[in-house]
Amino acid sequence: MESKYLDEFLIGDIAELSYGTMPKKTLLNTGDYPTFSGYKYQYKYPEVNCSKGDVIVVARGVGGTGDVKLVKEDCYLTNLSIKFKLDNDVVNNKYFYYYYLLSSLRYLDSGSAQSQITINDLKRVVISLPSLFTQDKVVNILSTLDNKIELNQKTNQTLEQMAQALFKSWFVDFDPVFDNLLASVDFKLENLETSLPDELKQKAQRRLAALNSLENAAEIKTSLIALAHELQALSQTKEAAKSAVQAAETPVKANLNGNPNILAQHANTHAHFPNEFEHNEQLGWIPKGWNASTAEDEFVVKGGSTPSTKNPDFWEGGDIHWTSPKDLSGNTTKIMLDTSRKVTSAGLKKITSGLLPIDTVLMSSRAPVGYLALAKVPVAINQGYIAITDAKALSSEYTIQWLDSVMDEIKGISGGTTFAEISKKTFKSIQLVIPSKKVVEAYTEITKMYYERITACVQEINTLTETRDYLLPKLISGELQIPDVSIDEEVVD
């Protein structure tokens, strides 16, 4: 790799620049493409003015002005950003993106009341470029790291969606309860009790339709019917045993795996769910035997504070994790492994809630309400959090998914004069259903594996990002030499 750049260019000489445009309000959420402000992908739109692989710069807004982004998908670029149409005979799009990834173009911000960068500002910027061959080699190395980062991010999104979907199925839609109810009447809707309310009958009909749509519907229904019969026989045996003197000495246990018709997944999950519902005045129809409770009765809830930022003894050289909700902005994994700020032991003493343990569930309680995270490091918190450090009957994995499932309710009861905020008192008043211990344990066993994998992926993402950010300036400057080897074009693209 040559140690000196071959030439310097004005951006205006190697790129056509154009502003994004304001989307029409009447067309929002009417198409297949997201709008993109430079900050986030948002509403669906029927038109495209920016393609995957294009390079843009955030031109104005609150924070981030001057940040250069590589467009991830075809989209409609809004007027908050400027698009570069680069001369690819001179510069590789990804090289241009990497060139400004760490330094950005923030120094061009005019500093006016409305933070902004103009096309004329950009045209006068000088960029030094090596040959395209060298650019391609640099891009190949950095893209390999970014591709792995992106793969880990997608894996985490999938795992999080699996945890959410399982929670919704078991604890919102009560699918296993309806499965057991339907199995108890051999999946014949006409055999459901006439006393069953229409609300539950309709849900049972929808659940049966969902089961019938599965490729292995017959096998599943056979398994659930066999399970229902085994549990019924077991129940009768237990009743008989109650009257026997030896009952305490010879407890009756299920041997559900002994029936070859029962699928393992049903023996391990559905066997722990009831096949009936009962009505609760506050929560409506809930699985029979499950309990209604409140957040106050179930959770240990704590809040935090901020040591004086004017006292360096509380902050300088600190190595204790301290978090504000800003740390969770854009966090899609619900995992916290690091914080942007650290406090000293002296600073920690100023926080009444102290250092919270690993697996504390964090929810931002103000500006905005609803960011969630599972702390995987001991952490102190500021006043913008509600933290759940322990629960009577629920695991951390269950708790964070429960919070996610009722977030609309939480936001709906949030008060505040200048911005939304939910107090600990209001939070504690929220009612919830408490499943049986076996069901919570079954859910926790599955989702704990998901979160362990997510945590490992986040750790790897952090390592890969540090490696990329270390290599990037050295590769761009030419300080780090790259051997002359052939480039796999598929990797580069």
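Mentor: Two strands are said to pair if DSSP finds at least two bridges between them, and strands themselves are DSSP runs of E, at least two residues long, numbered from the N terminus. This is a predicted model, in which local features need pLDDT of at least 70 and side-chain atom pairs count only at pLDDT 80 or more, while totals for chains, interfaces and linings use all residues. Residues are numbered from 1 along each chain as its sequence is written, and side-chain values use heavy atoms, with hydrogens and water left out.

Trainee: What makes E3 and E4 a pair?

Mentor: Three bridges join strand E3 (residues 33–36) to E4, and the definition asks for at least two, so they pair; the two run antiparallel. Pro34 has Lys44 in E4 as its bridge partner.

Trainee: Why is one side of E4 and of E7 left without a neighbour in the sheet?

Mentor: The open sheet has three strands in the order E4-E3-E7, with mixed pairing. Strands E4 (41–45) and E7 (76–77) stand at its edges, each with a single partner strand, so one side of each has no neighbour there.

Trainee: How do you know which residues call for caution, and what is the pLDDT over residues 489–493?

Mentor: pLDDT is the predictor's confidence in each residue, from 0 to 100. The protein's mean is 90, and 90% of its residues reach 70 or more, but over residues 489–493 pLDDT stays under 50. Where pLDDT is low, the predicted coordinates should not be read in detail.

Key
Helices (H or I, at least four residues) and strands (E, at least two) are DSSP runs, numbered from the N terminus. Contact means heavy atoms within 4.5 Å.
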